[in-house]
Amino acid sequence: MSGKKQVFVLGGTGYVGASVLQKLVKHPQASQSEFTVLVRSEDKAKKLEAFVESTGFGNVKVLLGSNADPDKLEAQSAKSDVVFSMADSDNVPAIKAVLAGMKKRFEQTGKAPILIHTSGTGILMDKAEGHFESETVYEDTNIEQIEALPDTQLHRDVDLVVTAAGKQGYVKTYIVLPTQIFGLGSGPLFDAGIAHRHSIVVPFLIRTSLARGAAGVVNEGLAKWACVHIDDTANLFIVVYDAALSGKGAHGREGYYYAENGEYKWYDLSKAVADVLVALGKSDKAGPTLFTKEEGEKLGFFFSVLGTNARCSAKRSRALGWKAAHAGDEILKSVKPEMEAILQASK
């Protein structure tokens, strides 16, 4: 192994992961670093290898495997100075394998490696079902507030494993928690068809509304979520990375970093979807219609998100120097290009 900084990237061809990887290969320390990207499918692995070779994208190596390969995760993590975990926020065995490898790294070098793990503000979700706007606004500087969350909250089981490892001292742990991410992924990995261009919930609402011929809303749609643009999300990872490399920034118990720059009401997002449906000739309904109980049962987990509150403030992230360029209300304007891309891809 060379003397360069070893950086292991999980989820590097995903929506968030590719956005971050594109910034990592342009980082001031990129020339002194080697990036190993875990890729699940053999076809995509070959595409990424060919892309790197033909474009000089960066000092990137491909490791074929997934979060279902604990031996590979542990072995590569044991060789790594930094691990970006951006593939799965809910896989306890995978994160335990990563941490087992990082513990070996610490035992070999005497220096605590860095783990930057992706969670999400799904940990904050309530059960409002669209009936009310919560008065609770979570702050990433209020660790007692985070620790009071039930262990059963979404992503919380993995976050607790990560934080416990950070407390033990053999790894420096930083948890980035994006809110509702919006905007189409952009950049060379997306243009080459290697990376996934879409977020999750906004496209889910769009596809569901297209299928039913009208935008849907859960009850009154009064609940609110914080939100953030994909480019601002990727920038926060780099800000946290810089802080970790320089020994600054809270880690371990206090290493929580929200990514938000405003918020939206679910009714307003559904209304924006309704307006675009009409503008594109996909519906004649001027506003959203109520999702039925039967629809909710068929649509499953992501439907359950649509009427919840998850409000927060990224105080710690901003104190670290992160500045978001996109306002939260841009999520409403993002619906049209998102829907156009979905329709184009379905042709």
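I call a residue buried when its relative accessible area is under 20%, exposed when it is over 50% and partly exposed in between, with a 1.4 Å probe and protein chains only. By that cut-off Cys-312 is buried, at a relative accessible area of 6%.

I am working on a predicted model, so I keep its limits in view: local features need pLDDT of at least 70, side-chain atom pairs count only at pLDDT 80 or more, and totals for chains, interfaces and linings use all residues. Residues are numbered from 1 along each chain as its sequence is written, and side-chain values use heavy atoms, with hydrogens and water left out.

**Cysteines**

I looked for disulfides, taking one as a pair of cysteine sulfur atoms within 2.5 Å. The count comes to 0. Which cysteine sulfur is closest to that of Cys-312? It belongs to Cys-227, 9.7 Å away, which is too far for a bond. Cys-227 is buried as well, with a relative accessible area of 0%.

**Helix α1**

I take helices (H or I, at least four residues) and strands (E, at least two) as DSSP runs, numbered from the N terminus. Next I checked how enclosed helix α1 (residues 15-24) is. Of its 10 residues, 9 are buried, so the rest of the structure largely encloses this helix. Among the buried ones are Tyr-15, Val-16, Val-20, Leu-21 and Leu-24. I then asked what they pack against, with contact meaning heavy atoms within 4.5 Å. The buried residues of α1 pack against strands β1 (5-10), β2 (33-39), β4 (82-85) and β8 (180-182). They also pack against helices α7 (188-191) and α9.

**Nonpolar core**

For a nonpolar core I use a set of buried Ala, Val, Leu, Ile, Met, Phe, Trp, Tyr and Cys residues joined through side-chain atoms within 4.5 Å. The largest has 106 residues. Which members touch the most others? They are Val-20, Phe-84, Leu-115, Ile-116, Leu-189, Trp-266 and Leu-306. Helix α9 (residues 230-246) gives the most to this core, with 9 residues. In soluble globular proteins, nonpolar side chains tend to be buried together.

Beyond four places in sequence, its contacts include Val-83, Ile-95, Leu-99, Met-102, Val-162 and Tyr-174.

I turned to strand β11 (residues 256-259). Tyr-256 and Tyr-258 point one way, Tyr-257 and Ala-259 the other. All four are buried. In a regular strand the side chains alternate between the two faces of the sheet.

I count two strands as paired if DSSP finds at least two bridges between them. Strand β7 (residues 172-178) runs parallel to β11, and 4 bridges join them. Opposite Tyr-256 I find Ile-175.

**Aromatic rings**

I pair rings of Phe, Tyr and Trp (its six-membered ring) if their centres lie within 6.5 Å; planes under 30 degrees apart are stacked, over 60 edge-to-face and the rest tilted. That gives 7 aromatic pairs. One of them joins Phe-291 and Phe-303 edge-to-face, at 5.2 Å centre to centre and 85° between the planes. Phe-291 lies in the loop between β13 (289-290) and α11 (293-299), and Phe-303 in helix α12 (residues 301-305), so the pair ties together parts that are 12 residues apart in sequence. Phe-291 is buried at 9% relative accessible area, and Phe-303 is buried at 15%.

A further edge-to-face pair is Phe-301 with Phe-302, at 5.2 Å and 65°. Phe-301 is partly exposed at 42%, and Phe-302 is partly exposed at 33%. Ring pairs link Phe-204, Phe-301 and Phe-302 into a cluster.

I came back to Phe-303. Outside four places in sequence, it contacts Phe-204, Val-218, Phe-291 and Gly-296. Its C-alpha is 9.8 Å from that of Val-217, a residue 86 places away in sequence.

I also checked for a charge over a ring (NZ of Lys or CZ of Arg within 6 Å of the ring centre and within 35 degrees of the ring normal). The charged end of Lys-103 sits over the ring of Tyr-170, 5.4 Å from its centre.

**Positive phi**

Last, I looked at backbone angles. Asn-219 is not a glycine, yet its phi is positive, about 50°. Asn-219 lies in the loop between β9 (216-217) and β10 (224-229) and is partly exposed at 31%. Glu-129, also not a glycine, has a positive phi of about 50°. Its loop runs between β5 (114-118) and β6 (138-139).
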